[in-house]
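Me: I would like to go through a protein model step by step. Please show it, and then I will ask about it.

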Amino acid sequence: DVIMNNFNVDPEVTDLVTYITNLDSRATSQYNGPPFSTAWDGSDQTPIAGTSYVYQTSVRIYDSLGDGHDLSIYFDPHDTLDNVWDYIVCCDPADDARVDANGNSVSGHPVAGLLQRGTITFTNTGADGTGGQIFDITADNLTGFTVAVASGSSSANVTLGGSYTGASARAYTATWITSGAGSMSSPPYPIIHWVDNDVPPNSGNVTMVGTGPNTLTNGVTVTFASSAVTSGANFTFTTTPATQTWTSAVPNNDGYFEFIAAFVTSANPVVPTQQVVAVNLGARNPNGANATWTLDNQSTTQYAAPSVTTLQTQNGFPSGYLQAVSIDEDGVMTGTYSNGRIISSYQIGLALFRSPWGLEKIGDNMYRQTRASGEHVFNRAGTGGVGTITPNALEQSNVDLAEEFVNMIIQQRGFQANSKIITTTDTMLAEVINLKR
């Protein structure tokens, strides 16, 4: 009973004798098995199986163009350590625009979508009753990686692809074997026999149905430009396994771990635009990895209750357009956008002159600074002796009364002229009616 309370049974271990035999080595070395990040496979249609984690939460983030992307965090209890949870931060593999150290796209490879991994350690119940709170957080970032590739061929009709699953680089020779009038479009289908350079060498046969892609070996796919197959023809290729370099992250100045994602690429040349994303799990450590973590108001906890997300927020926004502009009493000009953002962009400054009566009038209710008026001094509305701003109002002094009176007289004369035309027309019609009588 004590053993079972202190160690979680590995679900892959079905032999109790084997489990007890390995128990001592696990206790002394704090064995934790493969990293939780190995549960992620960005080349699969379902990158992570539902049985690989116990809880998942997602948040919508936005790139530099305003396009949205789902960022998911998966949580799973540590294999052997109590009060420790593993987590990984991932995005949709189809949205991942990163490239490896050789410039190869991560698309279609296991590393696609995998951004960060780490652990969360919670406190046990203490004298102050603070059990289940965050005690420590670690994070590793995928700082260097290469994707698995297959390259080289002696035939221009062959296209290699897929995700190489081997553990070491290999050189392969493949030979097309046909029987009768076989082709990849109709039976009897041809067979490709492959041999690698391992010691001892490995070999196998693959039936090619259609132009492809057909999986040849270790996840490598072969696609042909046409269905024509020449008996005895061969091609060679090499495969390079994927590599991953994880580096321990240090909290930023705000105390949160960051990672680098890429969702946008430039057109020519194709270069991914890096985007720094910080994740707040409910605790902060602005003084470095060895300092004490300070809990936020809304923090991740470990209690005897079903997992649930109680608060979720992010500071990105989709693209939007300007819908309205307003000015407040301080002269601050604020724009309201269709994406919900309200941005204060400018502030109107009011000018103060030593002698306002020395200003030169230039018409249309505008004045020009002169030597008599002195230099202007700008201040915020209501400060430094300047006036105030009344938003959504029209001042009585911002019209030229003489000009407006002239316009009114012109309109009045026009109305009178139109009235005379109507009176003359009416008189003429009356006269026509009298003549008929």
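The questions below go from confidence to side chains and then to a sheet.

Reply: This is a predicted model, in which local features need pLDDT of at least 70, side-chain atom pairs count only at pLDDT 80 or more, and totals for chains, interfaces and linings use all residues. Residues are numbered from 1 along each chain as its sequence is written, and side-chain values use heavy atoms, with hydrogens and water left out.

Me: Which element of the protein chain has the highest mean pLDDT?

Reply: pLDDT is the predictor's confidence in each residue, from 0 to 100. Its mean over the protein chain is 81, and 85% of the residues reach 70 or more. Helices (H or I, at least four residues) and strands (E, at least two) are DSSP runs, numbered from the N terminus. Among these elements, helix H1 (residues 2–6) has the lowest mean, 26, and the highest, 95, belongs to strand E3 (residues 84–91).

Me: Are the planes of Phe235 and Phe237 stacked or edge-to-face?

Reply: Rings of Phe, Tyr and Trp (its six-membered ring) pair if their centres lie within 6.5 Å; planes under 30 degrees apart count as stacked, over 60 as edge-to-face and the rest as tilted. The structure holds eight aromatic pairs. In the pair of Phe235 and Phe237, the centres are 6.0 Å apart and the planes are at 25°, so the pair is stacked.

Me: Is Thr239 buried or exposed?

Reply: Buried means under 20% relative accessible area, exposed over 50%, and partly exposed in between (1.4 Å probe, protein chains only). Thr239 is found in strand E13 (residues 234–240). Leaving aside neighbours within four places in sequence, its contacts (heavy atoms within 4.5 Å) include Val149, Tyr164 and Val220. The relative accessible area of Thr239 is 1%, so Thr239 is buried.

Me: Over how many bridges do E19 and E20 pair?

Reply: Strands of a sheet pair through backbone hydrogen bonds, either parallel or antiparallel. Within E20 (residues 332–337), Met333 is the bridge partner of Ile327. E19 and E20 pair in the antiparallel sense, and the number of bridges is five.

Key. Pairing = 2+ DSSP bridges.
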